[in-house]
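Biologist: I would like to learn how to read a helix and its surroundings in a model. Could you take me through it slowly?

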Amino acid sequence: MPPLEFAQKLKTKFGPVISEPAEFRGEITLKISDAGHIAEVCEFAKTELGFDYLVDVSSVDNYGEDPRWTVVYHLRSLTHGNELRLKTDVSEEKSELPTVMTVWKTANWHEREIYDMMGIRFSGHPDLRRILMWEGYPYFPLRKDFPLAGKPTDLPGVAFAKPAPLEGGPFVTVAGGKDAIEREPRVRTPEG
Amino acid sequence: MRTNTEIGYDSKIEGDVIVTRVDAALNWFRKNSIWPMPMGLACCAIELMAVGASRFDISRFGSEVMRFSPRQADCMIVAGTVTYKMAMCVKRIYDQMPEPRWVIAMGACASTGGMYRSYAVLQGVDNIIPVDVYVSGCPPRPEAVLDALMKLQDKIGQQPVLTELTAVAALKS
Amino acid sequence: MATVHDIEIRDSAARAAQAAEELQDSVGEKMVLNMGPSHPATHGVLRIVLELDGEIITKADPDIGYLHRGDEKIAENMTYTQFIPYTDRLDYLAPLANNVAYALAVEKLLGIDKELPPRCQYIRVMCAELARISAHLLGLGAFAMDMGAVTVFLLSFTEREKIYNLAEAISGARFTTSYTRIGGVMRDLPPTWLGQCQQFCDEFIPALNELETLLTRNRIWMDRVRNLAVISKEDAINYGLSGPNLRGSGVEWDLRKKQPYLCYPDLEFDIPTGSVGDCYDRYLVRMEEMRQSVRILLQCIKKIPGGADNKTKEPVNVPDGKVVLPPKQKVMTKMEELIHQFILVTQGMNCPPGEVYFGHENPKGELGFYINSRGGGTPYRMKIRSPSFVNLSIIPKIFVGGLISDTVAILGSLDFVMGECDR
């Protein structure tokens, strides 16, 4: 069965929640307009459509846009070999969506990492704590308004953190800037 | 302070006996049996393993055993990136090493943070412990690590051991 | 008088059940042991907090992040070419494989992955397979050394030194090679390289046989490793395992066969699969994968277009000046190439807006790059799906019910790398 048919089946089952499938470089992406439905959609995809393998859960920070967060799920089926990408948006005020740990156990650590790096919470997750940074780290590092050099923190007896000296570098370019002059590499402060 | 550690020896005059200063003898014992404690954190740890393997044998310099227990080691080789989360562990392990102890910062990440100028990386292990030898490279070739060990041996050979020990003993009494 | 535990049971499920029923009547008698970040047998900086009842583990909680260097945030500030050295240091046992994976992911985004010249594809396949042999050798050596068999470590490192020689000849660095570029490779093979590779393959199989006589039918090895930490097929798929860990549990999934890339469809090789899913199976899968890699290498040496010294001048880069640096003679003399060079070095190649995911069969599992691009030369968001991160998540399940001395064996058989896990 070609991959587009799986997307159509999801669309017929869940109706307006799921957008039209988009295709880019041979991959099908479906957008789910309401993040609250993600667990049901994933459950259907696993039990009825055979997507038994969750490859990856990622998050994107759309800084300056609303909704701010996009959570991306990569599904794969080991039986018929097809892949599917599901995306859902979460607004910054809510910053929460249901966990898919009930469907695939591998989502456990992926969701902990997303919480650690972006600050998006997962309701229903049994053990949502930081995984890569230490307990008690006050910031969410992968957000766009957090500088690469880091901010100073102090956790007495456990760790300390000083911002890394950048000394005029790295010369960063801006992804997706409107023209070549804006994309020109130069020293950029996090605010500018 | 430096001390003269030349062990002058002429077999025709002295026969089977070497006459030298106590400092020189103690330093010679110390520098030819440095037992490293590998603080292998990242990629440099693999090159450190290669130094210990049979092609670039580190045991011919006296560093026969890689002692993973700090209580039994002389020299801590920090090999790899030190993150802020790991920094406290490195410091604690360094504190557990008995004197005399030395530190080799192996690789760019241990020396200065390397190419990781980010929010989670300690920019150089010398922010938390005193380093004796820095080795550059990413990762340094095993020959560079052995060269660092030889430089450390030269440095140890010039430490005035007896004067320090007698000064400490005088303070205590 | 204390109860005597029956330690002949090797089935971890039965032992877990036994430990669970002890939980009710011995509350408060558990010891918490920290298998700390600095430990000779944790293969890097991994901390596992074990809760013990005597010698049997009742709970295991891994604590990672001691090598988290912020690669994903760094990627948002670097052009695609500038990020290549960071990919070396992900799975630092097989840097060539990471380079190939990253280059393929960016090429998929650009849409040029089907236009790679055949010589370039063969070179990349050879690099990936050499990296596979190198990583499995070190995994095997460290696994055996932790169990006490130090000779295996020294023998495997001797073979790895030969691979280091090959990597040094091809890229200049023994170890962190940064060899591939977007759209091709850094430079063509030196003329003697294929002969060296052939000699390595001829010498490697006898050495591997020697290693097998030391371990595979060794009584002590089999007693320690068989029927340990059995991972069922359903668990392996549910927990997202990949690579030899997944294949050791009986799932026949290898990205080189199921989602082929480069020139793997033209090559003949088998995929070893386990039947029981214990540590012994994962060890056997890795040993057999090394033999299959040598088989692939020998085929590539015969089939590579252009042969050893490339007399027919086959290209190794995509002939697109907007992606690959033009040759220096043209840069110094022609205007268009000069502009291409300037833009590629300062801004990076102009990728279309969109998102791709590409998974590559790394020695440790599936290394995936999810690149979300909004146009321009830097990614907007790059997520690295690392196999070791996912493989480690099964530890809380398979440690329970085992002895402390089993932890070393299980960690060795899972074969993970913290540089990749923490990024």
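Modeller: We shall look at a helix first and then at a residue in a loop. This is a predicted model, in which local features need pLDDT of at least 70, side-chain atom pairs count only at pLDDT 80 or more, and totals for chains, interfaces and linings use all residues. Residues are numbered from 1 along each chain as its sequence is written, while chains are lettered from A and ligands numbered from 1 in the order in which they are written.

Biologist: What span is expected for helix 1 of chain A?

Modeller: Helices (H or I, at least four residues) and strands (E, at least two) are DSSP runs, numbered from the N terminus, and the expected span of a helix is 1.5 Å times one less than its number of residues. Helix 1 of chain A, residues 3-14, has 12 residues and reaches 17 Å from its first C-alpha to its last, close to the expected 16 Å.

Biologist: Which residues of helix 1 of chain A are buried?

Modeller: A residue is buried if 20 or more other C-beta atoms lie within 10 Å of its own, exposed if 12 or fewer, and partly exposed in between, with C-beta atoms placed from the backbone. In helix 1 of chain A, the buried residues are A:Phe6, A:Ala7 and A:Leu10. Seen down the helix axis, they fall within an arc of 100° (taken from the directions from the axis to the C-beta atoms), so they line one face of the helix. On the other side, A:Leu4, A:Glu5 and A:Thr12 are exposed.

Biologist: Why is A:Arg130 called partly exposed?

Modeller: A:Arg130 is partly exposed because 17 other C-beta atoms lie within 10 Å. Its place is in the loop between strand 7 (121-123) and strand 8 (153-155) of chain A.
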